[in-house]
Amino acid sequence: MTITLYGGEVSYFTGKVRAYLRWADLPFEEVIASADVYRQVILPSVGVPVIPVLRTQSGEILQDTTVIIDTLDRDRANGPPSVYPATPIRKLVALMLETYGDEWLVIPAMHYRWHYDREWAMGEFGALNAPQASAEEQFKIGGKLAVPFSNAASLLGATPDMMDAVETAYEALLAELDAHFASSPALLGAQATMADFGLIGPLYAHLYRDPTPGELMRRRAPNVTRWVEELQFQPQRLRQPLDDGDDIPATLLPILRRMAREQLPPLVDAAGKVSAWMAEHPGEPLPRTLGKHGFELEGRRGERILRPYSLWMVQRIRDHLKSLEPAAREQADAFLRSIGADALIDFPDPPRLARDKLSVRPAGG
Ligand SMILES: N[C@@H](CCC(=O)N[C@@H](CS)C(=O)NCC(=O)O)C(=O)O
């Protein structure tokens with residue numbers, strides 16, 4: 001059986017897995033997640049309407065891009081190098097940037113899509129759901145399907161008073177990434193790693209493909225555009241193994257400082273609130289969102305939904321840190337301090353979490 005990827009071009013997380021499959025040179029078939037596919041494959045096997053979903057060669061159904069890539073990475077035979085660098089600080093950075101791409105850059109991705117390219121996105125949603133319908137029919141269907149997604153932009157923090165800050169932060173990130181890719185083929189050097197697969201999610205389906213941010217990327221950031229196109233379509237060059245060192249390219253540091261400044265404070269806050277909720281609801285699975293909490297971007301304060309799932313990704317970073325020998329741990333801590341990510345050193349870990357579809361539950365519960 002060949003691998004099947006159920007998803008769509010318009011989907012953030014499908015772009016992440018598709019890029020990985022092509023990069024890993026694994027033969028696969030991509031099936032558009034139409035209404036029929038949701039009904040016949042996704043809902044019965046996963047229980048919630050979500051993409052992407054992957055059927056492995058042995059017929060196992062996997063949901064969640066981190067789980068999908070980790071499973072394929074673990075089972076790879078004489079194939080591509082691992083997406084996880086072998087050295088401690090690079091692996092730390094790969095895990096951090098995956099978390100940044102998956103859980104934070106949803107803000108600009110959703111903002112540009114739903115505040116600039118709404119009608120276009122509705123047509124795309126309709127085409128995904130009903131590939132055989134007329135353009136007019138697809139637009140109507142897409143309009144209905146798009147409602148929860150279009151609300152996501154403001155729920156995630158791109159409220160009207162924060163839009164300028166979201167754009168300022170994204171344009172600055174684009175400039176930082178462009179400077180980085182001017183001298184480096186991938187985020188950590190020669191080889192694509194989990195850092196690249198994390199960032200390709202938002203930077204392909206939304207910020208490259210959608211008309212308004214796509215034009216912005218092509219105009220302002222030709223090196224980012226080239227990286228997106230290589231990683232998504234022609235990843236051969238990005239399979240050169242990393243060298244044996246553990247240094248981080250200097251051009252990546254502003255991006256890591258940005259992640260530390262923007263995303264870490266709300267993650268620390270989320271950890272406190274999730275711990276408190278778990279203490280009050282022993283053994284219970286967490287809701288997908290736990291109210292709202294504040295965040296700061298470019299000097300402005302906004303509000304966004306708190307998603308416990310993000311802490312499952314932080315747990316992966318923390319597990320890596322805790323697995324390090326004392327000398328390596330000391331170096332990793334010094335590195336975290338140097339990029340302003342001190343919060344990861346003694347992060348207020350909630351009780352251990354297990355992933356549960358689109359949220360989390362107490363591990364073992
Ligand atoms: N963290 C998950 C998220 C998957 C996800 O959010 N998929 C989006 C489309 S790109 C979706 O189907 N969302 C449905 C929903 O959030 O209800 C992953 O890595 O796969």
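Arg220 is partly exposed, with 43% relative accessible area. Here, partly exposed means between the cut-offs for buried (under 20% relative accessible area) and exposed (over 50%), using a 1.4 Å probe and protein chains only. This is a predicted model, in which local features need pLDDT of at least 70 and side-chain atom pairs count only at pLDDT 80 or more, while totals for chains, interfaces and linings use all residues. Residues are numbered from 1 along each chain as its sequence is written, and side-chain values use heavy atoms, with hydrogens and water left out.

Which residue does Arg220 form a salt bridge with? The partner is Glu171, and the closest N and O atoms are 3.2 Å apart. A salt bridge here is a side-chain nitrogen of Lys or Arg within 4 Å of a carboxyl oxygen of Asp or Glu. Arg220 sits in helix α10 (residues 211-220) and Glu171 in helix α8 (residues 163-183), so this pair ties together parts that are 49 residues apart in sequence. Helices are DSSP runs (H or I, at least four residues), as are strands (E, at least two), and both are numbered from the N terminus. Glu171 is partly exposed too, at 27% relative accessibility.

Next come Asp319 and Arg352. Their side chains meet in a salt bridge, at 2.7 Å from N to O. This pair also links distant parts of the chain, 33 residues apart. Asp319 belongs to helix α14 (residues 309-323). Arg352 lies in the loop between α15 (326-338) and β7 (353-356). Asp319 is partly exposed at 30%, and Arg352 is partly exposed at 45%.

Now turn to helix α15. Arg329 forms a salt bridge with Asp333, with 2.8 Å between the closest N and O atoms. Why are they separated by about one helical turn? Because Arg329 and Asp333 are four residues apart in helix α15. Are these residues buried or exposed? Arg329 is buried, at 18% relative accessible area. Asp333 is buried as well, at 11%.

Some salt bridges join into a network. Glu9, Arg18, Glu30, Glu124 and Arg209 are linked in this way. Across the whole structure, a search finds 28 salt bridges.

Finally, the annotation. UniProt lists residues 5-77 as "domain: GST N-terminal", in an unreviewed entry. Such positions follow the numbering used here, feature names are shortened, and annotations may be inferred rather than shown by experiment. In the model, the span of residues 5-77 is 48% helix and 19% strand. Its end C-alpha atoms lie 20 Å apart.
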